[in-house]
Amino acid sequence: MTQPSAPANEASQEALPRQQRHYAIGELARMFEVTPRTIRFYEQEGLLAPRREGQKRIYREKDRVRLKLTLRGKRLGFSLAEIREVVTMYDAMPDGNARQLWRLLEILADKRDNLERQLEDIRLMRMEIDDVDHRAREVLRNLGHEA
């Protein structure tokens, strides 16, 4: 088991095959640049399932991969439900399968469509702001004030 303050233990963990490695919450937090609280939240949401030794959480390689997928999903704008769905499919077929990949493509297409709508909304809002800005400057000029 890896201790955050024991470099010798970390070196021995590195020599183990990935499937046999264990991680403390602090190690995962440093590895993925998140807080332990974030990791505990994902555990509470059922995305991670560490083994317990008293109050101590022992994360396996599977948990590390699930955390990586979860964080990647959040960066892509996936909801926790969507992340859970994809991660669950990944657990069932780690090498992927057609159903998993089709569902992932559906989610990505939905995200892409949402981004396109947001971009259009931003473009329209920018045009409205520019129009109001132009009108305000014109009124100021008519009042004898330059803006």
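Start at glutamate 106, which is partly exposed at 48% relative accessibility. Buried means under 20% relative accessible area, exposed over 50%, partly exposed in between, with a 1.4 Å probe and protein chains only. A word on the source: this is a predicted model, where local features need pLDDT of at least 70, side-chain atom pairs count only at pLDDT 80 or more, and totals for chains, interfaces and linings use all residues. Residues are numbered from 1 along each chain as its sequence is written, and side-chain values use heavy atoms, with hydrogens and water left out.

Glutamate 106 forms a salt bridge with arginine 103, 3.1 Å from N to O. That term means a side-chain nitrogen of Lys or Arg within 4 Å of a carboxyl oxygen of Asp or Glu. Both residues sit in helix H6, 3 residues apart, about one turn. Helices here are DSSP runs (H or I, at least four residues), numbered from the N terminus.

Arginine 103 also bridges to glutamate 85, at 2.6 Å, N to O. Glutamate 85 is in helix H5 and arginine 103 in H6, so this pair ties together parts 18 residues apart in sequence. Arginine 103 is partly exposed, at 25%. Glutamate 85 is too, at 31%.

Next pair: lysine 111 and glutamate 82, a salt bridge of 3.0 Å, N to O. Lysine 111 is in H6 (residues 98-142) and glutamate 82 in H5, so parts 29 residues apart in sequence are tied together. Buried or exposed, lysine 111? Buried, at 15% relative accessibility. Glutamate 82 is buried as well, at 13%.

In total, the whole structure has 12 salt bridges. One network links Glu43, Arg52 and Arg57.

Technical notes
Helices (H or I, at least four residues) and strands (E, at least two) are DSSP runs, numbered from the N terminus.
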